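These are my notebook entries on one structure. I record what I looked up, entry by entry.

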Amino acid sequence: MVALARGERSAFQPVFATLWPLLRQFCRRALLDDALAEDAAQAALTKLFLHATDFQPDGDVVAWAVGIAAYECRSLRNRRIRRAEEPHPPELAAVAVGQASPEEMAIHANLGAALLEVVQGLRPRDRETLEQVLSATPGPGRDATFRKRLQRALERLRAAWRLTHGSDD
Amino acid sequence: MAPMTEGALVRRSRWMYELGRARWASRILLVLLPLLVAARLIGRPAVLVVVLGGILVTLGFAVSMLHDRYARAVRIGVLAGIPAFLLPLLIRSLDLLPLGEIAGTIVDPCVPASFLSGVAAGWVVSRRAIDEEYQRSFWAVAVATTALTASMGCSVAGGGGVLGMIAGVIAGSAPVVLRAATQRS
């Protein structure tokens with residue numbers, strides 16, 4: 001390493017052959033994750049060679065190399081935590097963008113059930129009128145009489161809703 | 001970083017090493033660039049400073065990147081060349097010595113000044129070179145650097161000044177080189 005720091009290119013291969021397995025092993029032990037350890041060891045090795053010229057002749061090569069590797073391991077681990085790189089559950093990946101969330105779907109289901117309950121409490125004639133509108137079937141006579149009947153049915157539905165669930169605002 | 005094969009990692013590591021050396025070698029510019037600025041400030045021609053300075057900077061950076069010993073050679077060469085760079089200029093600008101006449105020929109005092117400062121530079125460079133493991137290559141780089149540095153000042157006396165300086169460097173180096181050679185044999 002001292003020779004490499006001075007500029008002896010012939011020392012490159014021996015330094016690489018010695019330090020690469022050492023750094024890989026260290027990173028595997030530190031991270032307990034082969035893929036992440038490989039990344040950390042590679043980053044540490046390239047950084048080590050970038051700063052090889054700054055290596056002091058009286059320095060300890062292994063301590064220096066392990067110090068760089070430890071820093072890389074810590075950085076990678078922190079970065080992974082920050083970016084929450086853990087893979088998402090596959091069910092979430094299947095949810096299409098724009099589709100209602102499970103929470104929205106549960107709210108709609110609850111409201112539907114509550115409305116059905118209130119509708120069941122109405123008079124049969126009003127229920128029939130509302131069902132005709134909701135089912136969008138033409139039904140007999142959608143004239144002024146039917147509109148008047150629908151208006152009265154809706155008023156009773158609102159009144160029943162207020163009575164059961166409070167204000168409908 | 002994307003995972004790499006070992007071959008790719010070797011190549012990348014080698015590239016990073018060369019980048020690191022280039023960064024380290026660029027420190028020599030902190031010595032060379034102020035010298036070139038000083039040369040311009042004391043009125044040396046722009047063409048001369050650009051040409052000689054360009055060669056000096058390129059050579060200094062390239063050999064410093066190659067090995068530490070050449071970086072040392074460049075530093076020693078520049079330091080040894082500074083007296084030869086300044087002395088003729090001082091003599092000319094301060095008019096310390098008048099033009100002399102030897103055997104009917106007018107002699108510019110800058111020429112002997114260049115020669116003498118060349119002798120001193122050659123002696124310093126050679127003394128330093130004999131302590132090195134690779135003496136010849138160290139000496140060659142240091143002398144080239146000295147010559148380029150000094151030429152920016154010695155050229156005030158024209159080609160005679162440059163030739164006088166080079167002769168001085170050789171004369172200053174010779175005793176040290178001969179002595180080292182006799183000690184080895």
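**Entry 1: Arg9(A).** I located Arg9(A) in the loop between H1 and H2 of chain A; helices (H or I, at least four residues) and strands (E, at least two) are DSSP runs, numbered from the N terminus. The model is predicted, so I note that local features need pLDDT of at least 70 and side-chain atom pairs count only at pLDDT 80 or more, whereas totals for chains, interfaces and linings use all residues. Residues are numbered from 1 along each chain as its sequence is written, chains are lettered from A and ligands numbered from 1 in the order in which they are written, and side-chain values use heavy atoms, with hydrogens and water left out.

I then listed the contacts of Arg9(A), where contact means heavy atoms within 4.5 Å. Leaving out residues up to four places away in sequence, Arg9(A) touches Arg14(B), Tyr17(B), Glu18(B), Arg21(B), Met65(B) and Leu66(B). The side chains of Arg9(A) and Glu18(B) make a polar contact at 2.8 Å. A polar contact is a pair of N or O atoms within 3.5 Å; within protein, one must be able to donate a hydrogen and the other to accept it, and residues adjacent in sequence count only if both atoms are side-chain atoms.

**Entry 2: Glu18(B) and its partner.** I found a salt bridge between the side chains of Glu18(B) and Arg14(B), at 3.2 Å from N to O. The term requires a side-chain nitrogen of Lys or Arg within 4 Å of a carboxyl oxygen of Asp or Glu. Both residues lie in helix H1 of chain B, 4 residues apart, about one turn of the helix. Is Glu18(B) buried or exposed? Glu18(B) counts as buried because its relative accessibility is 16%, and buried means under 20% relative accessible area, exposed over 50%, partly exposed in between (1.4 Å probe, protein chains only). Arg14(B), at 31%, is partly exposed.

I also noted Glu132(B), which forms a salt bridge with Arg128(B), the closest N and O atoms being 3.2 Å apart. Glu132(B) is buried at 10% relative accessibility, while Arg128(B) is partly exposed at 28%. Salt bridges that share partners join Arg9(A), Arg14(B) and Glu18(B) into one network.

**Entry 3: Asp54(A).** I counted 13 salt bridges over all chains. In one of them, Asp54(A) pairs with Arg23(B), with the closest N and O atoms 3.0 Å apart. This pair crosses between chains, from the loop between H3 and helix H4 (61-83) of chain A to helix H1 (residues 6-25) of chain B. Asp54(A) also forms a salt bridge with Arg27(B), at 3.6 Å between the closest N and O atoms. Asp54(A) is partly exposed at 32% relative accessibility, and Arg23(B) is partly exposed at 39%.

**Entry 4: the interface.** I next examined the two chains together. In total, 21 residues of chain A are in contact with 24 residues of chain B. The area buried between them is about 2,100 Å², of which carbon and sulfur atoms give 56%; buried area is the accessible area (1.4 Å probe) that two parts lose on being put together, summed over both.

Helix H1 (2-6), helix H2 (12-31) and helix H3 (34-50) of chain A each give two or more residues to the side of chain A that touches chain B. H3(A) gives the most, with 7 residues.

Entry 5: A nonpolar core is a set of buried Ala, Val, Leu, Ile, Met, Phe, Trp, Tyr and Cys residues joined through side-chain atoms within 4.5 Å. In the largest such core, of 32 residues, Met152(B) and Met165(B) touch the most other members. The largest share of this core, 9 residues, comes from H6(B).
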